[in-house]
Structures are given as structure tokens and as C-alpha cells.
Amino acid sequence: MANSPRNGPYICGIDAALDVVSGKWKGLILWELDEHGVRRFAELRRGLPGVSEKMLTQHLREMEADGLVRRQVYAEVPPRVEYSLTEHGRALNIALAPLGDWGVERLRRERSELVEHSDAAALPRP
């Protein structure tokens with residue numbers, strides 16, 4: 001596992017966990033990689049409507065440094081780069097599952113709509 005650029009001090013475990021998943025896209029990147037196993041950069045970007053190339057790159061680098069994501073570079077022309085979850089990333093995704101359940105219940109309670117993943121690709125990008 002890579003050395004994390006973040007190392008506290010933290011007030012509690014939730015503080016330390018949120019430091020690693022902070023940012024709008026990290027939870028969604030975890031979900032996308034968990035759903036599909038291995039994704040190339042363009043596939044991740046298509047699966048996360050609204051994310052900019054810069055933000056996706058930044059989050060992937062941070063997640064790699066935190067040991068959540070594995071970046072595999074293949075010596076091909078053109079180069080092929082694939083991203084997947086590490087065991088640490090899968091464990092975090094499992095830990096976030098109850099939060100996702102809470103969110104779905106919130107959507108139900110407030111009668112908000114949940115965008116189906118296939119419908120999300122049609123959303124406009126900023």
C-alpha cells in the first residue's frame with residue numbers, strides 16, 4: 001500500500017475515514033469500480049456523468065496514494081491504463097454500504113428520484 005499524503009491528527013475514526021473519501025466523486029469511483037471490476041479512464045469518465053477529466057485524474061491519484069485503487073499500466077502503443085479496487089478499497093466500499101442504504105431510505109422518505117445508472121450517462125456534463 002502506498003504511503004498516504006494524509007496522516008492526521010484525527011479526532012476519531014470517522015474523521016480519518018472521511019479524509020480518505022472526501023470529494024464528490026470518490027464514493028462514486030469506488031462504486032463504479034466495484035460494479036465493473038476493471039475500468040479504463042474513459043470508461044470511468046463515461047460512467048460518472050459530470051466529472052471533469054482533471055477532477056477524475058486528481059481523485060484517482062489520491063485514491064491510488066491512499067491504497068484504495070490499483071493503477072495498472074500496460075507497455076503497449078498506445079499505452080493502456082486500467083484501474084481496479086485494492087482489497088483496502090473493497091473493504092471501504094463494504095463499509096460505505098450502510099451509508100448507501102441510508103441514502104436510498106432518505107430518497108424514499110423525501111420522495112426524491114434515484115437516477116438509474118444507464119440513465120445517468122444521458123445527463124449533461126458541465
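Predicted model: local features only at pLDDT ≥ 70, side-chain atom pairs only at ≥ 80, totals over all residues.
Strand 3 covers residues 80–85 and is joined to strand 1 by three bridges, the two strands running antiparallel. Across this pairing, arginine 39 stands opposite tyrosine 83 of strand 3. Strand 3 also pairs with strand 2, again in the antiparallel sense, over six bridges. Here glutamine 72 has glutamate 82 in strand 3 as its bridge partner. In a regular strand, side chains alternate between the two faces of the sheet.

## The hairpin and its loop

Strand 2 and strand 3 make up a hairpin, with five residues between them. The loop between these two strands contains proline 78. The peptide bond leading from valine 77 into proline 78 is cis, and its omega is near -5°. Most peptide bonds are trans.

## Aromatic rings

Arginine 80 lies over the face of tyrosine 74, at 3.8 Å from the ring centre. As for rings paired with one another, with ring centres required to lie within 6.5 Å, the count of aromatic pairs comes to zero.

## Helix 2 against helix 4

Helix 2 spans residues 26–36 and helix 4 spans residues 53–65; their axes come within 10 Å and cross at roughly 75°. Angles of 65 to 115 degrees count as roughly perpendicular, and the two helices are therefore roughly perpendicular to each other.

On the helix 2 side, the contact involves Lys26, Ile29 and Leu30, which meet Leu56, His59, Leu60, Glu62 and Met63 of helix 4. By type, the residues of this contact are five nonpolar, one polar and two charged.

## Helix 2 against helix 5

Helix 2 also meets helix 5, which runs over residues 87–109; the axes of this pair come within 10 Å and cross at roughly 110°. Helix 2 and helix 5 are therefore roughly perpendicular to each other.

Leu30, Trp31 and Asp34 of helix 2 are in contact with Gly89, Leu92, Asn93 and Leu96 of helix 5. These residues divide into four nonpolar, two polar and one charged. Leu30 takes part in the contact with helix 4 and in the contact with helix 5.

Key: Residues numbered from 1 in each chain as written. Heavy atoms only, no water. Pairing = 2+ DSSP bridges. Helix = DSSP H or I, 4+ residues; strand = E, 2+ residues; numbered from the N terminus. Phe/Tyr/Trp six-rings, centres within 6.5 Å; stacked < 30°, edge-to-face > 60°. Lys NZ or Arg CZ within 6 Å of the ring centre and 35° of its normal. Axes fitted to C-alpha atoms, helices over the stretch in contact; angles between N-to-C directions. Parallel < 35°, antiparallel > 145°, perpendicular 65-115°, else oblique. Contact = heavy atoms within 4.5 Å. Nonpolar A, V, L, I, M, F, W, Y, C, P; charged D, E, K, R; others polar.
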